[in-house]
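Please take a look at this protein chain.

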Amino acid sequence: MNRSDPGDMDSTRVAELAEQIAQRAEVLRRRIDAVARGPVEVVAVTKGHPAVVAAAAIEAGFEALGENYAQELRDKAPLVSGAEWHFIGRLQSNKVRLIAESVSVWQSLDRDSAIDAVAKRAPGAKVMIQVDLAGLEGRGGCGRAEVPRLVERSVEAGLSVVGLMGVGTPGDPEDSRPGFRWLAREAAALDLPEVSMGMSADLEVALSEGSTMVRVGSALVGPRPPR
Ligand SMILES: *Cc1c(COP(=O)(O)O)cnc(C)c1O
């Protein structure tokens, strides 16, 4: 199915999918409650799924939805009401205008040009600085040493910096622990309330290191169709 296809958007289909998501959400809630140190926001990551899945996530009680690709979000947003969209993918500056009206939180700012583009198209928006924790090519994120400067630049550009975001290392979730620990400490040092870290596979490690926001795709909405 094409990612920007609404899918079969009738209310029976939405209700059916919402039921599945609600069941997975119960399992997720238990995983979170077992380790969380404080309140945790869940961003339901709907990338790669049709709009009907995003509508079902809303129906199942989620509000914050995460997307990685600008065109996909642009096509999906008008079909899904009640969502607070978090942009969590690599952000090309020239795509910012496509989604500026839809995005509530820009989680993946990692360089000057992206900051400037968001400040221009979405003045005053809530943003996070994405840090490269794993040293992975192509996953985005700034170097650790750059974080204070990018936070300052964002503030000077009039953006509201709410936290830091990071993606763990693939493989053994324990391998992500040192990076997660660093990210939580850096956010605290910079007086930023949100630490967005932890996905389906590594959320326990992230939460035990102080994550305030997990971004969960497959464990909530099922496996993604291949891109
Ligand atoms: C896809 C993605 C997620 C969700 O991943 P799952 O493993 O499906 O939970 C979270 N954060 C980012 C940045 C992603 O790209």
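This is a predicted model: local features need pLDDT of at least 70, side-chain atom pairs count only at pLDDT 80 or more; totals for chains, interfaces and linings use all residues.

Residues are numbered from 1 along each chain as its sequence is written, and side-chain values use heavy atoms, with hydrogens and water left out.

Q: How many salt bridges does the structure hold?
A: Side chains of opposite charge can pair when their charged atoms come close. A salt bridge here is a side-chain nitrogen of Lys or Arg within 4 Å of a carboxyl oxygen of Asp or Glu. The number of salt bridges in the structure is 16.

Q: Which residue forms a salt bridge with D110 at 3.0 Å?
A: D110 is buried, at 8% relative accessible area (buried means under 20%, exposed over 50%, partly exposed in between, with a 1.4 Å probe and protein chains only). D110 meets R90 in a salt bridge of 3.8 Å, N to O. That pair links distant parts of the chain, 20 residues apart. The salt bridge with closest N and O atoms 3.0 Å apart joins D110 to R111.

Q: How many residues apart are R181 and E209?
A: The side chains of R181 and E209 meet in a salt bridge, 2.8 Å from N to O. R181 is partly exposed, at 37%, whereas E209 is buried, at 8%. R181 lies in helix α7 and E209 in the loop between α8 and β8 (helices are DSSP runs of H or I with at least four residues, strands are runs of E with at least two, and both are numbered from the N terminus). The two residues are apart in the chain by 28 residues.

Q: Which residue in β3 is the bridge partner of G66?
A: Strand β2 runs parallel to β3, and 4 bridges join them (two strands pair if DSSP finds at least two bridges between them). A64 and G66 point one way from β2, L65 and E67 the other way, and all are buried. On β3, the partner of G66 is H86.
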